[in-house]
Amino acid sequence: MWKLKIAEGGPLVKTCNGYVGRETWEFDERLGSSEDRDAVEKARKEFHLNRHQKKQSSDLLARMQLAKENNFDYFKKPSKNGDNTEKSASVALQKALDYFSAIQAKDGHWPGDLPGPLFLTPIMVIVLYVTESFHVLSSAHRTELRRYMYNLQNEDGGWGLQAEMPSCMICTALNYTALRLLGEEDYKGDDEAMHEARKWIHDHGGVTMIASWGKLILSVLGVYEWSGVNPMPPELFLLPSFFPIHPGKFFCRIRLILVAMLYLYGKRFVGPITNVVLSLREELHIHPYHRIDWNQARDLCAKEDRFVPHSKFMDYLNEYLYKIGEPLFATWPMSLLRQKALNAIEKYLQYEDEITRYICMGAFEKFLRTLCCSVRAPNSKNLEEHLARVPDFLWIGEDGMKMRASSSQSWDAALAVQAILACDLAKEKMYTLRKAHDFIKASQLLENPTGDFGRYYRHFSKGGWAFATADEGWPVSDCTAEALKALLLLARISPELVGEHASSGSMYEAVNFILSLQNPNGGFSTWELQRTYPWVEALNVTDMFADTMVEYQYVECTSSAIQALLLFNEKYPLYRSDDIQKCIKKATSYVLKSQNDDGSWFGSWGVCYTYGTWFGVEALIAAGKTYKTCEAIRRACAFLLSKQLPDGGWGESYLSSIKQEYTNLVGNKSNLVNTAWAMLTLLKAGQVERDPTPLHRAASLLIHMQSDNGDFPQQEMTGSFMKSGFLNYMAYRNIFPIWALGEYNKISGISHTM
């Protein structure tokens with residue numbers, strides 16, 4: 001049976017704070033009672049049977065274990081909240097808070113899955129295969145990885161970019177390939193699933209139609225040729241750093257991915273050509289491998305993979321580099337320049353590996369860098385340190401084992417604290433808050449990256465919070481702002497109840513970090529300031545994602561910063577007060593200018609307009625505006641009310657992000673997270689005073705969606721990135737209904753004693 005381990009280290013695993021927030025899974029066949037095993041097996045069977053209707057797992061394995069450790073009865077008998085919404089809101093909140101406290105880890109955070117693009121897990125398998133590191137995966141790991149891939153396969157035989165999305169070539173080809181590397185035969189598998197997957201690939205033109213990232217990964221494996229990959233010259237890294245197209249100017253997420261790809265392209269690395277690899281050359285292509293026109297294949301891309309067409313400039317550049325640039329750099333003396341570029345990239349990658357303690361920023365970057373490390377230093381301690389951090393990305397649920405896109409410990413904990421404090425019942429959960437308080441304090445980054453970090457294109461980090469853990473070392477503006485808000489709110493409560501308050505110095509450093517990420521237009525970006533121009537998007541090489549090259553500004557980050565800075569200014573009015581007031585003025589102006597004509601705001605990190613609009617309204621109200629005095633708030637409320645569904649909720653599809661227009665879920669179904677965001681917006685804007693009926697209807701929906709044990713159902717994905725990328729935050733289904741019902745209970749004047 002699998003066991004979730006919290007805040008534990010291991011050989012070659014480095015830490016800055018005692019491994020706080022670390023989550024890893026360990027298999028021990030002796031673990032668990034017969035009742036535990038039966039519950040796990042039941043959850044697995046139910047997911048498998050309903051996998052085409054209910055695409056997202058509910059993270060039951062972790063939650064059942066945590067509840068048991070906290071002496072909570074996970075399988076409570078049914079009970080009714082009552083028919084009166086006003087009276088039952090308090091009952092629902094009590095149940096929700098009891099449950100949410102029970103799934104808190106011992107170090108104070110809320111562990112959980114964060115499933116993302118379905119190409120991530122197979123890329124991990126391919127990288128471990130190529131680097132001859134399969135020993136990292138036990139037989140139990142491999143069983144669960146296969147379970148996951150089969151469970152997420154669509155009915156047409158393919159795999160989508162995310163669980164709820166239609167099949168695409170990159171995810172289908174990579175999952176098929178990974179299953180073959182894990183020992184599955186092309187003519188066997190779960191209900192002939194492998195045959196159906198191969199048929200899907202062939203019916204859509206074969207694997208030469210895969211998106212650019214897939215071409216690179218399959219070239220490394222040896223089932224595709226490097227001559228079929230559009231040029232990625234490592235010499236780009238040698239350009240003067242002030243050039244707009246130097247990688248140091250790009251959005252950091254794409255920079256970390258692209259630089260690793262530049263290195264692999266420059267090396268033309270190919271792993272061992274095994275019998276399975278030779279067989280895959282036949283299975284994945286519709287033409288004999290030796291007869292494929294690799295030059296033509298460079299620009300092929302299945303319509304299912306291509307979200308962003310190549311620009312004409314990119315097409316011309318690729319042709320020039322392929323026909324002139326690459327032959328030139330392959331010959332002396334230009335080959336010396338290539339080697340110089342590769343050497344420079346090696347130093348950069350080594351620096352990033354060390355300062356992130358081999359976690360890296362996210363899953364894709366992690367395994368590209370593991371691959372690069374294997375190329376430059378096979379059998380080295382550095383590679384072993386990379387492999388020691390593989391368990392940080394593995395997560396197991398009733399759907400099987402996957403590689404998480406990332407993890408969100410700090411982000412979730414900061415939001416959870418605010419949600420609990422929004423409830424009148426918070427005084428009953430001081431132990432939960434105390435643990436979360438300790439976690440947030442322990443997760444702050446206390447130092448800047450080592451050495452001359454600016455030389456390696458890093459922003460300073462001291463005072464910030466990362467999305468995941470302090471060991472990751474990449475602080476974010478909104479993660480820092482939300483953590484600071486949580487600490488400031490907890491500072492209003494006696495330390496005898498919630499533990500020692502954060503020091504003023506740590507809060508000062510947080511403010512310094514937040515202020516450093518405001519751009520000239522007043523908006524806040526995520527990890528770094530915007531460093532280059534929007535026209536650089538013409539170099540987007542992903543095929544699948546938009547807005548990848550530039551660190552833009554976002555209403556979410558800007559709103560979080562406004563709220564945190566104003567809350568800080570109340571407590572510490574003498575520290576950088578002028579800077580804060582100037583910042584707020586510019587940031588508020590940015591928020592107003594970024595509102596859409598229909599009154600909404602586009603959410604870049606959540607699905608989608610309900611998310612962005614919540615942040616937009618919160619920012620304006622924090623800045624002193626009201627429904628009566630601000631037309632933008634009135635238009636935002638009108639927008640949300642116009643989208644309320646007949647059952648009282650809101651349900652926004654991921655297609656809103658892709659189409660950039662509000663799109664309901666299929667069948668006008670409500671989503672409790674979207675509903676909670678809309679409720680929070682309307683409550684903050686004073687909807688109770690005008691007409692509370694929409695709020696009563698929404699609250700009633702949330703209450704009646706609650707499970708018997710106090711949990712809420714896992715529904716459609718609600719996290720997003722780069723317009724067409726999506727995540728599913730497991731804790732959102734608890735955090736936001738608690739937050740919304742807590743505010744509803746207070747503002748509507750309903751006492752929990754009623």
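Trainee: Which residue stands opposite lysine 5 in strand 2?

Mentor: Lysine 5 faces threonine 24 there. The model is predicted, with local features needing pLDDT of at least 70, side-chain atom pairs counting only at pLDDT 80 or more, and totals for chains, interfaces and linings using all residues. Residues are numbered from 1 along each chain as its sequence is written, and side-chain values use heavy atoms, leaving out hydrogens and water.

Trainee: What makes strand 1 and strand 2 a pair?

Mentor: Strands (E, at least two residues) and helices (H or I, at least four) are DSSP runs, numbered from the N terminus. Two strands pair if DSSP finds at least two bridges between them. Strand 1 and strand 2 (residues 23-27) are joined by 5 bridges and run antiparallel, so they pair by that definition.

Trainee: Why is serine 657 called buried?

Mentor: Buried means under 20% relative accessible area, exposed over 50%, and partly exposed in between (1.4 Å probe, protein chains only). Serine 657 has 1%, and is therefore buried. This residue belongs to helix 25 (residues 655-659).

Trainee: How do you know that the span of helix 24 agrees with expectation?

Mentor: The expected span is 1.5 Å times one less than the number of residues. For the 12 residues of helix 24 (residues 631-642) this gives 16 Å, and the end C-alpha atoms are 16 Å apart, so the two agree.

Trainee: Why are the buried residues of helix 24 said to line one face?

Mentor: They fall within an arc of 160 degrees (taken from the directions from the helix axis to the C-beta atoms), so they line one face. Among them are Ala632 and Phe639, whereas the face turned away from the buried side carries the exposed residues Glu631 and Ser642.
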